[in-house]
Amino acid sequence: MTRTQTIASLFAVATAAIALQTSPGLAFSSEAQQMCTGDAMRLCSSEIPDIPRVRACMVRNKAQVSPGCRAVMDREAVASRKRQATAQ
């Protein structure tokens, strides 16, 4: 794998993790990766590969992310809250 491919893979993983605001057991979706990678690279590239910092950056800049990424972030946040509520 080339250095560029490795960096792109790290961006994709970090972006998906941020967009989904994942818990440790939740895998990221291909939809989140597709919809949010560009936003993470544009808004939070200085934070990569530190996933918690990228996550915080994406949340902080949510108003600036694309509509598709924002929709994925919102949908996953609702799903996460529902999972937490049923776990209690």
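Trainee: Which residues does arginine 70 touch, not counting residues up to four places away in sequence?

Mentor: First, this is a predicted model: local features need pLDDT of at least 70, side-chain atom pairs count only at pLDDT 80 or more, and totals for chains, interfaces and linings use all residues. Residues are numbered from 1 along each chain as its sequence is written, and side-chain values use heavy atoms, leaving out hydrogens and water. Contact means heavy atoms within 4.5 Å. With residues up to four places away left aside, arginine 70 touches Lys62, Ala63, Gln64 and Val65.

Trainee: Is arginine 70 buried, partly exposed or exposed?

Mentor: Look in helix α4 for arginine 70. Buried means under 20% relative accessible area, exposed means over 50%, and partly exposed is in between (1.4 Å probe, protein chains only). Arginine 70 has a relative accessible area of 26%, so it counts as partly exposed.

Trainee: What separates the C-alpha atoms of arginine 70 and alanine 32?

Mentor: Count along the chain and the two residues are 38 residues apart. From C-alpha to C-alpha, arginine 70 and alanine 32 are separated by 9.6 Å.

Trainee: Which pattern does the protein follow along the sequence?

Mentor: Helices (H or I, at least four residues) and strands (E, at least two) are DSSP runs, numbered from the N terminus. The protein comes to four helices and zero strands. Read along the sequence, that gives α-α-α-α.

Trainee: How are α2 and α4 placed relative to each other?

Mentor: Axes are lines fitted to C-alpha atoms, for helices over the stretch in contact, with angles running from 0 to 180 degrees between N-to-C directions. The axes of α2 (residues 30–44) and α4 (residues 67–87) come within 8 Å and cross at roughly 125 degrees. Under 35 degrees counts as roughly parallel, over 145 as roughly antiparallel, 65 to 115 as roughly perpendicular, and the rest as oblique. The pair α2 and α4 is therefore oblique.

Trainee: How do the residues of the contact of α2 with α4 divide?

Mentor: On the α2 side are Glu31, Ala32, Met35, Cys36 and Asp39, and on the α4 side are Gly68, Cys69, Val72 and Arg75. Ala, Val, Leu, Ile, Met, Phe, Trp, Tyr, Cys and Pro count as nonpolar, Asp, Glu, Lys and Arg as charged, and the others, Gly among them, as polar. Sort the contact residues of α2 with α4 that way and you get five nonpolar, one polar and three charged.

Trainee: Is the disulfide of cysteine 36 and cysteine 69 left-handed or right-handed?

Mentor: A disulfide is a covalent bond between the sulfur atoms of two cysteines. Here the cut-off is a pair of cysteine sulfur atoms within 2.5 Å, and those of cysteine 36 and cysteine 69 are 2.1 Å apart. The torsion about their S-S bond is about 110 degrees, so this disulfide is right-handed.

Trainee: What is the relative accessible area of cysteine 36?

Mentor: Cysteine 36 lies in helix α2. The relative accessible area of cysteine 36 is 0%.

Trainee: Is the disulfide of cysteine 44 and cysteine 57 left-handed or right-handed?

Mentor: Cysteine 44 lies in α2 and cysteine 57 in α3 (residues 51–60), so the bond ties together parts 13 residues apart in sequence. Both cysteine 44 and cysteine 57 are buried. The S-S torsion is about -90 degrees, so this disulfide is left-handed.

Trainee: What is the pairing of the bonded cysteines, numbered in sequence order?

Mentor: The structure holds two disulfides. One joins cysteine 36 to cysteine 69, and another joins cysteine 44 to cysteine 57. In sequence order, the pairing is 1-4, 2-3.

Trainee: How are α2 and α3 placed relative to each other?

Mentor: Their axes come within 10 Å. The crossing angle is roughly 95 degrees. The helices α2 and α3 are therefore roughly perpendicular.

Trainee: Where is proline 49?

Mentor: Start with the bond before it. The peptide bond from isoleucine 48 to proline 49 is cis, with omega near 15 degrees. Proline 49 sits in the loop between α2 and α3.
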